[in-house]
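Colleague: Can you walk me through some of the labels you put on this one? I'd like to hear what each rests on.

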Amino acid sequence: RGTHAPLALSWGYENRTVAVRVPADAHSATRIEHRVPGADAHPHLVMAALLAGMLDGIQNKREAPEPLEGNAYDQLPPSLPRYWPDALEAFRNSDFIGNSLGAEFHRVYAIIKQQELDTFDQHVTPLEYDACL
């Protein structure tokens, strides 16, 4: 909260507390700002997932909810994963990923990310060391 990082699925105009922001600008420069991926996300995979989501919305004629006005932190409970294990579990359980990007990609990427997480968990960070010793 208070960091302008989205915590829930939402969108809005010129609103830095939502997941998808439409910045105020000239009509010819209208664009979206997808604010969920972290700086460590692979940009090509982020773009592939975004485009797959847009295609799914178009093909299935999904209607967007009303744009959120005001502070999203005060209006929506957090629903996006905050921690890596939670995000990995959501990824594993996503039918959308397998259907959109392929079952083999879905399976292999989940294995790779679990291996990375396991590797991180095998190391004691300086903060942990200082706090415990």
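**Contacts, exposure and ring pairs**

Modeller: Leaving aside residues up to four places away in sequence, Leu-9 touches Ala-19, Leu-76, Ser-79 and Leu-80; contact here means heavy atoms within 4.5 Å. This is a predicted model, where local features need pLDDT of at least 70, side-chain atom pairs count only at pLDDT 80 or more, and totals for chains, interfaces and linings use all residues. Residues are numbered from 1 along each chain as its sequence is written, and side-chain values use heavy atoms, with hydrogens and water left out.

Colleague: What makes Leu-9 count as buried or exposed?

Modeller: Its relative accessible area is 66%, so Leu-9 is exposed: the label needs over 50%, while buried means under 20% and partly exposed lies in between (1.4 Å probe, protein chains only).

Colleague: Why is the pair Trp-84 and Phe-120 called edge-to-face?

Modeller: A search of the whole structure finds four aromatic pairs. In this one the ring centres are 5.3 Å apart and the planes sit at 65 degrees, so Trp-84 and Phe-120 are edge-to-face. Rings of Phe, Tyr and Trp (its six-membered ring) pair if their centres lie within 6.5 Å; planes under 30 degrees apart are stacked, over 60 edge-to-face, the rest tilted.

Colleague: Which of the labels buried, exposed or partly exposed does Trp-84 get, and why?

Modeller: Trp-84 has 32% relative accessibility, so it counts as partly exposed. Phe-120, at 55%, is exposed.

Colleague: Which residues form one aromatic cluster?

Modeller: Phe-91, Phe-105 and Tyr-109 do.
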